[in-house]
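User: Could you walk me through this structure? I am new to it.

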Amino acid sequence: MIAEPALYPWLQTAFDHLDALRRDDRVPGALLIQGAEGLGKRSLALHFAARLLCLEPFNPSPCGVCQGCHLFKAGTHPDLTTLEPEEVGKIIKVDQVRKVIQDLGLMSLYHGYRVIVIDPADQMNQNAANALLKTLEEPAPKNLIILVTHRPHRLLATIRSRCQTLSIARPKKDIALAFIKEKTTISSPER
């Protein structure tokens with residue numbers, strides 16, 4: 001099951017940029033989301049994936065009630081694939097990438113986007129990265145591969161060059177403190 005992806009306040013500007021690309025029908029075939037560890041890059045990737053798979057085209061965020069959103073929340077949306085190492089700390093293997101590439105060749109079941117989120121993308125071994133490269137060179141319409149990493153230097157230069165890059169900066173101190181204060185106030189019991 002995929003929980004409704006949280007969108008941290010410091011990611012709102014990045015999401016608005018991505019949603020503008022969606023509204024203008026300029027979503028790239030590959031997107032590299034990079035930045036320091038722990039900033040919510042995966043959450044941003046999943047929030048944007050949820051928006052692309054939402055069946056309500058005029059909402060600025062996923063509506064949460066359409067069939068696409070229900071499938072997303074249940075983790076069963078047929079047009080979304082997440083790719084990660086089979087075990088924490090291990091590599092993403094070439095067979096995993098080949099399977100995802102094969103799935104990309106299928107038509108979207110909801111006549112929209114097919115989205116793949118690879119996180120952490122820097123965990124692909126050399127063979128896996130090379131297998132992905134051909135797909136990045138010739139992206140199919142309405143396919144989006146989102147690579148998420150805090151170590152972009154570990155990706156092949158040829159992969160980085162074929163992605164539109166979105167760098168996530170550390171939040172300003174006042175924004176981070178306000179977020180932490182709000183979350184601790186909400187979660188602490190009243191006395």
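**Helix packing and aromatic rings**

Analyst: The cover over the buried residues of α4 includes β2 (80–83), β3 (114–118), α5 and β4 (143–149). Contact means heavy atoms within 4.5 Å, and helices (H or I, at least four residues) and strands (E, at least two) are DSSP runs, numbered from the N terminus. This is a predicted model, in which local features need pLDDT of at least 70 and side-chain atom pairs count only at pLDDT 80 or more, while totals for chains, interfaces and linings use all residues. Residues are numbered from 1 along each chain as its sequence is written, and side-chain values use heavy atoms, with hydrogens and water left out.

User: Which residues of α4 are buried?

Analyst: They are Val94, Gln96, Val97, Val100, Asp103 and Leu104. Buried means under 20% relative accessible area, exposed over 50%, and partly exposed in between (1.4 Å probe, protein chains only).

User: At what angle do α4 and α5 cross?

Analyst: The axes of α4 (residues 94–104) and α5 (residues 126–137) cross at roughly 15 degrees and come within 8 Å. Axes are lines fitted to C-alpha atoms, for helices over the stretch in contact, and angles run from 0 to 180 degrees between N-to-C directions.

User: Which residues make that contact?

Analyst: From α4 they are Val94, Val97, Arg98, Ile101 and Leu104, and from α5 Asn127, Ala128, Ala131, Leu132 and Thr135.

User: Switching topic, how many aromatic pairs are there?

Analyst: A search of the whole structure finds three. Rings of Phe, Tyr and Trp (its six-membered ring) pair if their centres lie within 6.5 Å; planes under 30 degrees apart count as stacked, over 60 as edge-to-face and the rest as tilted. Tyr8 and Trp10 are stacked, because their ring centres are 5.1 Å apart and their planes are at 10 degrees.

User: Does Trp10 pair with Phe179 stacked or edge-to-face?

Analyst: That pair is edge-to-face, with 5.3 Å centre to centre and 85 degrees between the planes. Trp10 lies in the segment before α1 (12–23) and Phe179 in α7 (residues 173–187), so the pair ties together parts that are 169 residues apart in sequence.

User: Is Phe179 buried or exposed?

Analyst: Phe179 is buried, at 16% relative accessibility.
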